[in-house]
Amino acid sequence: MNNEVSNKQIVEKIVEGIQNRKGHKIVTVDLTRLPEAPCSYFVIAEGNSSTQVCAIADEIEDFVRKELRVKPFAVDGLENAEWVAMDYGQIIVHVFQREPRAFYDIEHLWEDGILTEIDDLL
């Protein structure tokens, strides 16, 4: 990963990538003040179908690589695309379909972090 790029810059570009594919209910979770956290940030978003979830994940990967020259270490979940996880080191991206997102409720699990809801683009 490019050391000159900050985690906050990567989070901003991830959010833009999600918005480019009409992802919605975007939430960023700042975990930097929680010593037990597995990373510094979560970015959580939702798509309406497996096709849209895959499109969002692809756009995030392409957009962040193009804009910042940063690639994820790993991407998992594209096979069924109910929940795609993308590992950017200190940033983990979760792109869900509605039902799995409600079931796992990651925002509630990490509510001690700083949650920021991003308004959906119209």
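The model is a predicted one, in which local features need pLDDT of at least 70 and side-chain atom pairs count only at pLDDT 80 or more, while totals for chains, interfaces and linings use all residues. Residues are numbered from 1 along each chain as its sequence is written, and side-chain values use heavy atoms, with hydrogens and water left out.

The protein chain contains 6 strands and 4 helices, where helices (H or I, at least four residues) and strands (E, at least two) are DSSP runs numbered from the N terminus. Their order along the sequence is α-β-β-α-β-β-β-α-α-β. The radius of gyration of the protein chain is 13 Å, close to the 14 Å that the globule rule gives for 122 residues, so the chain is as compact as a globular protein of that length. This radius is taken over C-alpha atoms, and the rule is 2.2 Å times the number of residues to the power 0.38.

Colour the residues by accessibility. Of the 122 residues in the protein chain, 47% are buried; buried means under 20% relative accessible area, exposed over 50%, and partly exposed in between (1.4 Å probe, protein chains only).

Finally, select Trp83, Phe96, Phe103 and Tyr104, which form one aromatic cluster. The structure holds 4 aromatic pairs. Rings of Phe, Tyr and Trp (its six-membered ring) pair if their centres lie within 6.5 Å; planes under 30 degrees apart count as stacked, over 60 as edge-to-face and the rest as tilted. Trp83 and Tyr104 make a tilted pair, with 4.6 Å between the centres and 45° between the planes. This pair links distant parts of the chain, 21 residues apart: Trp83 lies in strand 4 (residues 83-87) and Tyr104 in helix 3 (residues 98-104). Trp83 is partly exposed at 28% relative accessible area, and Tyr104 is partly exposed at 38%. The rings of Phe103 and Tyr104 have centres 4.9 Å apart and planes at 90°, so they form an edge-to-face pair. Phe103 is exposed, at 65% relative accessibility.
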